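Here is a short briefing on one protein chain. Keep the sequence and the 3D view open as you read.

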Amino acid sequence: MIFTGAPVGGGYGGGGSYGAGGSYASGGMNAGGGSYAGGSYVGGGIPAGGVMGSGMGTGGGAYAAGGIPGGGAYVGGGIPGSGAGIGATRVVGGNGSCCGPSGTMYAGNAYGGSSYADGMTGTTIHANPGCGIGSGPSDTGCCVGGPETTCGGVGNACFEGTGNMLTTADWSYVVPQKQTFVTPYGCRIRPCCLLLALLSLLGMALAYFLAPKNLAPLPAPVGPVGTCTLWGDPHIRTFDGIRSDYYSPGEFWIVKSDNVWIQGRYLPTKVTSGLGVTKSIAVGGPFLKGHKLRVEVRSASWDGQPVLTGFPSDFSVPGVIDMHYNNVGTLLQNGREGKALHIVHIRLEDGSPEGLQIQVNRWMEPTEGDYMNVKITMHGQKGQDGHCGNFNANPQDDDRLQVRARVGKTGVDPKDSMYATKTPVMVANRPNINDCPAQQLEDAKTLCKQKEKKFIPSMACLIDVCFGGKGFAATG
């Protein structure tokens, strides 16, 4: 039997058909181009190429005029082979490979090369169309395995069958009959799932590379919690509880440690007679992971970008800083009762549950000039020093002269400064008021207030009295 160009099931013997050199009779079959006059044993006759008679080739013959020698032939583009295609496979329109472009595949067997009738036993693999991304409708390029393959559940969300294997047994030498066995052949991943998988992997890769990387966790602070307060021109109550007065303008270390840096800028106002007041603070250091905070009397910035531009307002960077600007908070300086409050609340992550907290009370009255009061609440730090003291539970070594001896007398070194410019600390040919001993400075303030009849004495009077003696207060 021949199916649409399929291999002939047998060659009627080796080189002939029921005889030497002929087909069931010498000279050919019954006239008409078919075997047994019109298609007995052959459904519809032998296609394209002649009858089993005239035009037969010598030496075994071929099923067509000018046929292909070799005992049998694959009519219609078939693959030559010994015998009549024993165990051979033909892929119509393809290359014979399961996982290559193909349409229908036939595998033939002819009962050992001599079919007793026109019977044929074969297997046909039908691939489902549209297998791979970009492939043609007959592509089985993504098929996996054979009939025994289950592939995790064919037909679920991301898997489907690649096709069916049809095994056919056909006998026609007694009564024509056919048996067909259908077996699912392999499976494939749906193209959309492949695409989604690739997109998911790409998304995860982008998320990994674009997401900000967290630095190592901050080390826990080493000391207890304490508070340092700055007010006025400026007076400072250190973490260890002693008061120190710093009058010189400039940029100074308020807190200097291995991990936390807080600097302050002191400048005079029109009512302080040249004495410095706190005008600004800058916060940085390793604990801020490379960021920098600046708070002025009328502005604030984070890494140079304005924040808290309205009143009230808020700003935060998760895991780093949380800021609020409102009228809620405590006074840090006497004599401020009843005045409008403009308070900045800052919480910075420092590895402790409480965090490092700063309160800034802004004062912007036209008759006084701009200045601020500052309260810092934090854990003691390794290597700590500055105008707020060294936080070692010994108030005596927070005396202004001792602090200046440790951290320097000319303010923050420009290479360490968080300010772009440096304010001169000392006036040429004049002593620095910060070198005046604490008690001597207090006496000078009292005398200068009496002489000048004002609450804040001038810098000139204080220097004269501190370094020239009390007699200077009685002159001029």
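Buried means under 20% relative accessible area, exposed means over 50%, and partly exposed lies in between (1.4 Å probe, protein chains only). This is a predicted model: local features need pLDDT of at least 70, side-chain atom pairs count only at pLDDT 80 or more, and totals for chains, interfaces and linings use all residues. Residues are numbered from 1 along each chain as its sequence is written, and side-chain values use heavy atoms, with hydrogens and water left out.

**Salt bridges**

- A salt bridge is a side-chain nitrogen of Lys or Arg within 4 Å of a carboxyl oxygen of Asp or Glu.
- The whole structure holds 13 salt bridges.
- One of them joins the side chains of R404 and D435, at 2.8 Å from N to O.
- R404 sits in helix α2 (residues 400-407) and D435 in the loop between α2 and α3, so this pair ties together parts 31 residues apart in sequence.
- Helices (H or I, at least four residues) and strands (E, at least two) are DSSP runs, numbered from the N terminus.
- R404 is buried, with a relative accessible area of 3%, whereas D435 is partly exposed at 27%.
- D370 and R298 also meet through their side chains, at 2.6 Å from N to O.
- D370 lies in the loop between β20 (356-363) and β21 (371-379), and R298 in the loop between β14 (293-296) and β15 (300-302), so the pair ties together parts that are 72 residues apart in sequence.
- R298 is exposed, with a relative accessible area of 56%.
- K415 pairs with D416, and their closest N and O atoms are 3.4 Å apart.
- K415 is exposed at 66% relative accessible area, while D416 is partly exposed at 32%.
- R243, D245, E442 and K445 are linked in a network of salt bridges.

**The largest pocket**

- On a 1 Å grid over the protein atoms alone, a pocket is an open set of points with protein on both sides within 12 Å along at least five of seven lines; lining residues have an atom within 4 Å of a point.
- The largest pocket has a volume of about 560 Å³, where volume is the space filled by probe spheres set on the points.
- Its lining has 24 residues, and D233, H235, Q333, F455 and I456 lie nearest the centre.
- Helix α3 (residues 438-452) gives the most to this lining, with four residues.
- By type, the lining residues are ten nonpolar, seven polar and seven charged.
- Here Ala, Val, Leu, Ile, Met, Phe, Trp, Tyr, Cys and Pro count as nonpolar, Asp, Glu, Lys and Arg as charged, and the others, Gly among them, as polar.

**A nonpolar surface patch**

- L195, L196, L199, L202, L206, Y208, F209 and L210 make a nonpolar surface patch of about 910 Å².
- Patch residues have over 30% relative accessible area and no salt bridge; nonpolar side chains (Val, Leu, Ile, Met, Phe, Trp, Tyr) are joined within 5 Å, and like charges within 9 Å.
- F209 belongs to helix α1 (residues 191-210), and is exposed at 62% relative accessible area.

**Buried places**

- Helix α4 (residues 459-468) has M459, C461, L462, I463, V465 and C466 buried.
- Just after α4, G469 takes a positive phi of about 115 degrees.
- V260 lies in the loop between β11 (250-256) and β12 (261-268), and is buried at 0% relative accessibility.
- The C-alpha atoms of V260 and Q384 are 8.5 Å apart, although 124 residues separate them along the chain.

Conventions. Areas by Shrake-Rupley, 256 points an atom, 1.4 Å probe, with all protein chains shown as cover. 1 Å grid on protein atoms, 1.4 Å probe; cavity = no way out; pocket = protein on both sides within 12 Å on 5 of 7 lines; lining within 4 Å.
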